[in-house]
Amino acid sequence: MAGSQADRQTLIEVRKLSTLTELTEAVDLQQRVWGFEDRDVVPLPPFVVAAHTGGQVFGAFESGRMVGFCLAFAGIKPEGRIYLHSHMLAVLPEYHNQGVGRQLKLEQRSDALARGIGLIEWTFDPLQLKNAYFNIARLGAIARRYLENIYGSSSSKLHVGLPSDRVVAEWWLERADGPLRPVLNAEERISIPADIERIRRDDPGRAREIQLSVATRFQACANRGLAAIGFERGEGEGVYLLGRP
């Protein structure tokens, strides 16, 4: 019988990765999580570069075995703000819903704040509702930018042939309201069927129609200065709540 999430978290150690052996293990783990073909795998050198140039490479371990990692690069905004772009977070399937991803994100936050960095960004597929809930409702990130097919086609079976549309999560570390913050000023709602993963698998044409509708609505809201500031899950749908950030 699996232990509780709290029990699992007490057994997980999160630490920086620095040795070539550990970094290579992270490279291998991404293939096990996403099933990428070689062309889509982030190879070892970018992990090494991130570890030595102000980025972040953290691993999550249980009994010495790596079960997850995150990779972030240092970046700079046009106005000169230093931030971190979290490019990848992977957790082995058998450790999903055990709090491992949240531990990795909180370690990213702690490290960034200790270095005076107040913003971490990353992209995620707006049709992956579990990720949306985690990023927005649990972590307190917002999303106001929608990027169409930013990575091109992917060899991962998880993406089922759709264009790689993404929204940009902005995690303002000193202002994040924490998990499950109430949203009192939502002006728009964008709904996605709760069974979107089945639709992606069984009816790609309908999935593409949903993706195009979400893109149009997100971009229209962004033009009005709105951002996704909350996310709700129900039996039949997941709903982005958009308001003034």
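**Exercise 1. In this predicted model, find the bridge partner of arginine 233 in E10, then describe how E9 and E10 are arranged.**

Step 1. Start at arginine 233: its bridge partner in E10 is glycine 238.

Step 2. Now look at the two strands as a pair. E9 covers residues 227-233, and E10 runs over residues 237-243. They pair in the antiparallel sense, over six bridges.

Step 3. The link is a hairpin of three residues.

Step 4. Finally, ask how enclosed E9 is. Five of its seven residues are buried, so the strand is largely enclosed by the rest of the structure.

**Exercise 2. Describe the largest nonpolar core and the surroundings of tryptophan 122.**

Step 1. The largest nonpolar core has 36 residues, and those with the most contacts inside it are Trp122, Phe124, Val214, Phe218, Tyr240 and Leu242.

Step 2. Ask which element gives the largest share: helix H7 (residues 204-223) does, with six residues.

Step 3. Zoom in on tryptophan 122. Beyond its neighbours within four places in sequence, its contacts include His85, Lys105, Asn135, Leu139, Val167 and Trp171.

Step 4. There is also a second, separate core of 30 residues, with Phe36, Val41, Met66 and Val91 among them.

**Exercise 3. Find the buried residues of helix H5 (residues 129-138) and say what covers them.**

Step 1. The buried residues of H5 are Leu129, Ala132, Tyr133, Asn135, Ile136 and Ala137.

Step 2. Their cover includes strand E5 (119-124), strand E8 (186-193), helix H6 (196-202), E9 and E10.

Step 3. After H5 comes glycine 140, with a positive phi near 90 degrees.

**Exercise 4. Locate asparagine 97 and asparagine 149, and decide whether each is buried, partly exposed or exposed.**

Step 1. Recall the background: most residues other than glycine have a negative phi, and most peptide bonds are trans.

Step 2. Asparagine 97 has a positive phi of about 60 degrees, and asparagine 149 has a positive phi of about 45 degrees.

Step 3. Asparagine 97 is in the loop between strand E4 (82-91) and H4. Asparagine 149 lies in the loop between strand E6 (142-147) and strand E7 (166-172).

Step 4. Exposed means over 50% relative accessible area. Asparagine 97, at 62%, therefore counts as exposed. Asparagine 149, at 37%, counts as partly exposed.

**Exercise 5. Find how many disulfides the structure has, and check whether cysteine 70 and cysteine 221 are buried or exposed.**

Step 1. A search of the whole structure turns up zero disulfides.

Step 2. Buried means under 20% relative accessible area. Cysteine 70, at 0%, is therefore buried. Cysteine 221, at 4%, also counts as buried.

Key:
Residues numbered from 1 in each chain as written. Predicted model: local features only at pLDDT ≥ 70, side-chain atom pairs only at ≥ 80, totals over all residues. Heavy atoms only, no water. Core = buried A, V, L, I, M, F, W, Y, C linked by side-chain atoms within 4.5 Å. Buried < 20%, exposed > 50% of the residue type's maximum accessible area, 1.4 Å probe, protein only. Helix = DSSP H or I, 4+ residues; strand = E, 2+ residues; numbered from the N terminus. Contact = heavy atoms within 4.5 Å. Pairing = 2+ DSSP bridges. Disulfide = S-S within 2.5 Å.
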